[in-house]
Amino acid sequence: MTSARTLRAGGHTIELHRPDKVLFPADGTADRTTDGSAGSAKAGYTKGDLADYYRAVAPFMLPHLRGRPLMLERHPDGVDGPRFMQKDTPGHYPDWITRAEVAKEGGTVTHTVCDDTATLLYLADQACLTLHRWTSRVGGTGGVTHPDRLVFDLDPAKDDFGPVRDAARLLGELLDHVGLPSALMTTGSRGLHVIVPLNGRHDFDDVRAFAKDVAETLAQAHPEQLTTAARKKDRGDRLYLDVQRNAYAQTVVAPFSVRARPGAPVAVPVAWEAVDDPALGARSWTIEGAVEQARTDPWAGLLRSGRALGPARRKLRALRG
């Protein structure tokens, strides 16, 4: 077993400890390592594989991370071991890693911010599988209290992905009707995210209220398929239109993040045409193919021009009567 591997990025040196440690076991055994012998089968994905993936995808992933406070999902013993959801940045993290101190009830939290490839590799060494980002940015138009992303999480009641694709299509059509561009992303977990770029001039309460109005409008139009009921027992077999991630200090999985599930699935941006593909699923891509998908640029600049919600709100009100 290799004890360490030295990586260089942006003038920084990162020691990748135990790069052969298996984080995603092929056989369900959490703490195995590859032995390197000739002809031996690969036992799932290692920490080295995770670091290689994040290095390769960094040019496509970093634009979605820069300036955003993160919650880090760490699995030091692999996906079968304990999970740590880390908000505060430990004191031993290198000084060159960006921090963001944000307000919380009764104090502050100093979040890690991933602004460069070196930080992404350091987090891989910390067995951070998934990066969950804020929908606002430090230094953005309205600062960290004003999101520049609005997110709808399409959460299915069952494993059948057809209703998720149908809901995404309906939501995309409604957003088009009120004049808002939107982008689509597989979550690598269960459903899809629909993301709307904002101009950063609305606070979290305003954004969440608008998202709730959109979701309720859609659910009222399709009551047999969709619901905004927060309690699972009230949803039945209907897909849940979740808008709770649009609140202050809430996070959403970042594009191209690896998820802590068997096979190392990845949250991947896709073009809207993908909803017509019956093969599309929440876990359609893994670290084996996500970089190739990233190179196709499926969002093609969709999120570069953020919108105000005023005109869309007026159109939505007219639609609701």
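**A colleague's note on the cores, sheet and helices**

1. The largest nonpolar core has 79 residues, and Tyr53, Tyr54, Leu65, Leu131, Phe152, Leu154 and Val258 are those with the most contacts inside it. Here a nonpolar core is a set of buried Ala, Val, Leu, Ile, Met, Phe, Trp, Tyr and Cys residues joined through side-chain atoms within 4.5 Å; buried means under 20% relative accessible area, exposed over 50% (1.4 Å probe, protein chains only).

2. A word on the basis: this is a predicted model, in which local features need pLDDT of at least 70 and side-chain atom pairs count only at pLDDT 80 or more, while totals for chains, interfaces and linings use all residues. Residues are numbered from 1 along each chain as its sequence is written, and side-chain values use heavy atoms, with hydrogens and water left out.

3. Val258 deserves a look. Leaving aside neighbours within four places in sequence, Val258 is in contact (heavy atoms within 4.5 Å) with Phe24, Leu50, Tyr53, Tyr54, Leu129, Thr130, Ala264, Pro265, Val266 and Ile287. Another core, of nine residues, lies apart from the largest one and includes Met185, Ile195, Val252 and Val253.

4. Now the sheet: six strands form an open, mixed sheet in the order β13-β14-β10-β12-β11-β16. Each of β13 (226-227) and β16 (269-270) has a single partner strand and stands at an edge, so one side of each is left without a neighbour in the sheet. Strands are DSSP runs of E, at least two residues, and helices runs of H or I, at least four, numbered from the N terminus; two strands pair if DSSP finds at least two bridges between them.

5. β16 pairs with β11 (residues 183-186) in the antiparallel sense over two bridges, and Val270 in β16 is the bridge partner of Leu184. Helix α3 (residues 162-177) packs on the sheet, touching β10, β11, β12, β13 and β14, with its direction at about 150 degrees to that of β10. Helix α4 (residues 204-221) lies across β10, β13 and β14, at about 35 degrees to β10. Axes are lines fitted to C-alpha atoms, for helices over the stretch in contact, and angles run from 0 to 180 degrees between N-to-C directions.

6. Which residues of helix α6 (residues 310-320) are buried? They are Gly310, Ala312, Arg313 and Leu316. Down the axis of α6, its buried residues fall within an arc of 160 degrees (taken from the directions from the helix axis to the C-beta atoms), so they line one face of the helix. Their cover includes α3 and α4, while exposed Arg314 and Ala318 sit on the face turned away.
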